[in-house]
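Let's take a walk through a protein model, one piece at a time. Keep the picture in view as you read.

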Amino acid sequence: MKLKDIPALQNAVIYGDENTEIHGVSYDSRSVKKGDIFFALPGHQTDGKKFIQDAISKGAVAVVTEKKDDNISVVQIVTGDIFKFMPEFCAEFYNHPDREMTVVAITGTNGKTTITYMIESILEYCGIQCGVIGTVNYRYAGKVFDAPNTTPQSADVYRMMREMADSGIKYLVMEVSSHALALGRVDGIDFDIAVFTNLTQDHLDLHKNMESYFDTKSMLFTGLGKGTKNNTKYAIINADDKYGKKLSKISINAEKIMYGAKSKDDASFKAENISVSGSGSGFDLTYGGITEKIEIKHIGLHNVYNALASLASCLCCGIDFKNAVMGLNKSVQAPGRLEKIDTKNSGFEIAVDYAHTDDALKNVLSALRDLKPKRVITVFGCGGDRDRTKRPVMGKVAAEMSDFVFVTSDNPRSENPSQIILDIEVGIKRAEKSNYKVVVDREEAIKEAVVMAQKGDIILLAGKGHETYQIIGTQKVHFNDMEVAKKYLELREKILSSKQAEQKEFDF
């Protein structure tokens with residue numbers, strides 16, 4: 001495509017030949033190919049301007065900056081806001097692929113990933129292939145890609161949408177983070193369905209306060225119906241969340257569908273007669289005068305809410321109600337979401353969960369408490385270079401809802417892990433609890449939890465979930481909670497077997 005054929009360039013200044021052919025879009029100089037346009041994005045840790053010459057040497061034929069640079073030898077495009085300009089450019093360069101699909105967006109603090117997996121399961125049961133962009137990975141048409149961000153940069157989003165549409169995919173399910181909304185990563189996408197799960201304290205390092213956080217999330221819903229697709233839009237909102245109630249009162253150009261298990265007068269999708277066991281959750285769904293029994297393999301009340309949101313989304317997609325229920329009942333836990341480890345004959349259980357907010361931790365611990373374990377032993381930490389204010393709150397929740405807590409390291413990034421732990425301890429001490437131990441090294445903390453566990457206990461490894469790394473400084477180091485737990489389970493089993501063998505020999 002020639003530069004002059006892209007209308008978005010009317011809002012920029014071009015220095016060079018407008019007939020230049022563009023074959024691809026990149027914002028990372030390491031991935032530039034011949035014929036690409038390179039967006040020199042400013043960043044917190046580095047600046048894309050530093051890599052302009054690298055991009056040109058690899059074949060970039062045009063460069064986008066926010067200020068003119070006389071040292072650039074190829075076509076230069078100057079725009080006032082490069083983050084706003086990139087999605088506008090990409091939407092046109094990739095010929096608006098969102099117009100060729102039904103696009104479902106899920107936002108909120110917790111539950112986004114599980115809902116994408118539930119919707120995917122329902123669609124697959126109905127013989128429908130969909131694309132998914134989310135926290136665990138990006139996947140479509142048999143391809144799976146690592147997910148460095150819950151919602152990738154707009155250039156990646158539009159490229160993937162084009163590849164999905166060209167592969168014949170008609171449905172895209174996407175997690176939309178507050179960062180993505182604030183930074184314009186999903187600008188211009190004509191969403192068909194938007195789901196609001198809940199809003200609890202998180203990302204206040206970016207948003208500063210809860211009202212700003214809410215306003216950012218609301219952008220997804222106030223933007224409904226502003227595209228060119230002439231169809232009914234749907235806003236699916238948690239009626240039991242206080243910010244969901246607030247969102248429901250905002251003027252939105254969409255049909256609002258409320259779901260819940262408490263606010264029965266406000267919800268059209270209602271869960272009643274809820275039961276939770278170690279194998280899953282059951283409830284009666286009432287909708288439009290119909291009652292249907294739901295049995296899912298997901299543990300906890302929070303997953304009942306996730307199920308309601310998923311069902312509502314699929315019905316808005318036009319999926320038959322009975323088929324949607326069957327597909328939901330066959331869905332399995334998303335990776336790292338209350339995912340159980342095979343503890344063989346140890347007599348206790350271990351669950352891994354991504355919970356990294358106080359509300360998520362509370363939900364998971366409540367779900368485990370409902371299973372009536374002898375004890376709950378929790379291993380958790382908090383990420384560095386992120387919202388510090390949630391650390392003491394998480395410490396308080398962990399200490400109050402667990403029998404014992406190992407406070408450890410998560411992804412410390414540039415912070416000192418010990419300092420992060422001190423912030424967590426503030427909340428534990430405020431709760432006047434002493435049922436904890438600080439073990440900075442995460443592997444050692446998991447080891448001690450496995451050694452401590454007795455018959456009937458449940459160990460919760462919280463905070464990292466599906467992640468297979470720790471971020472220490474600027475380095476990603478391989479680390480997998482499940483692998484580490486299995487390692488010490490096996491070691492424990494060998495030690496016990498050895499002791500039993502010695503005892504038998506002695507008895508003989």
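Helices here are DSSP runs of H or I with at least four residues, strands are E runs with at least two, and both are numbered from the N terminus.

Before going further, know that this is a predicted model: local features need pLDDT of at least 70, side-chain atom pairs count only at pLDDT 80 or more, and totals for chains, interfaces and linings use all residues. Residues are numbered from 1 along each chain as its sequence is written, and side-chain values use heavy atoms, leaving out hydrogens and water.

Which residues of H11 are buried? They are Asp358, Asp359, Ala360, Leu361, Val364, Leu365, Ala367 and Leu368, where buried means under 20% relative accessible area, exposed over 50%, and partly exposed in between (1.4 Å probe, protein chains only). These buried residues pack against H9, strands S18 (349–353), S19 (376–380) and S22 (458–462), and helix H12 (390–401); contact means heavy atoms within 4.5 Å.

Now hop over to H9, residues 301–316. Its 16 residues should span 22 Å at 1.5 Å a residue, and the end C-alpha atoms sit 23 Å apart, which agrees. With 15 of its 16 residues buried, H9 is largely enclosed by the rest of the structure. Just after H9, Gly318 takes a positive phi of about 95°.

Definitions and conventions:
Expected span 1.5 Å × (residues − 1).
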